[in-house]
Amino acid sequence: MKSEFLMLSLLILGPASPGNDIDVYLQPLIEELKDLWCNRLDTDNATKKETFKMYATLRSTTSDFPGYAMLSGYSTKGKFACPYCHYETGHRFLSNNNKSFYMAHRRFLDADHPWRYDTKAFDRETEERAAPEPLTGFEIEELLKDWKNNFGKLQPKKKNDGCPWRKSSIFHTLVY
Ligand SMILES: [Zn+2]
């Protein structure tokens with residue numbers, strides 16, 4: 001993480017967040033990544049004093065939770081806010097102040113953990129369900145295979161149909 005090994009690949013002007021439209025700004029970077037994977041890049045090996053063809057891939061991204069939503073297209077708000085638990089997110093709603101809150105954390109404990117059966121300290125219920133299974137890449141690909149993206153602020157807002165996906169991320173266009 002030393003500065004000499006970091007490259008600024010993209011700068012998006014503010015003041016407003018691009019939201020889902022971040023994919024429009026990412027297009028040139030994604031095109032370069034595709035080129036680096038498919039065509040490789042002539043690169044100097046300073047030690048051997050020769051050139052070689054280098055592959056390059058996007059290995060991971062790092063962002064905060066709102067940034068995660070922007071990059072992945074998965075809404076991190078509301079009923080299915082947890083990308084790990086997805087349709088099994090332990091969402092509850094406080095009607096008095098219109099706030100969502102999230103329970104069911106005990107699902108991640110060992111099956112015999114005493115907290116699972118501690119009704120007094122939690123919500124007066126035992127928790128016997130196993131932890132949710134995260135979606136696989138293949139399942140996400142299947143879910144989004146016919147998805148039509150609409151970018152731009154002038155697009156009509158999509159009605160909330162209970163689906164946690166807001167777009168098929170531009171990262172899905174990478175072959176790996
Ligand atoms: Zn979760």
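Let me begin with Glu-127, which at 7% relative accessibility counts as buried, where buried means under 20% relative accessible area, exposed over 50% and partly exposed in between, computed with a 1.4 Å probe on protein chains only. The model is a predicted one, in which local features need pLDDT of at least 70 and side-chain atom pairs count only at pLDDT 80 or more, while totals for chains, interfaces and linings use all residues. Residues are numbered from 1 along each chain as its sequence is written, and side-chain values use heavy atoms, with hydrogens and water left out.

The side chain of Glu-127 meets that of Arg-129 in a salt bridge, at 2.9 Å from N to O, the term being used for a side-chain nitrogen of Lys or Arg within 4 Å of a carboxyl oxygen of Asp or Glu. Arg-129, for its part, is partly exposed, with a relative accessible area of 45%.

How many salt bridges does the structure hold? There are eight, and among them is the pair formed by Lys-145 and Glu-142, at 2.6 Å from N to O; here Lys-145 is exposed at 52%, whereas Glu-142, at 49%, is partly exposed.

Turning to helix 1, which spans residues 22-38, with helices taken as DSSP runs of H or I of at least four residues, numbered from the N terminus, we find Lys-34 and Glu-31 joined by a salt bridge of 3.6 Å, N to O. These two residues lie three apart in the helix, so about one helical turn separates them. Lys-34 is partly exposed at 26%, and Glu-31 is partly exposed at 47%.

Finally, Arg-92, Arg-106 and Asp-123 are linked in a network of salt bridges.
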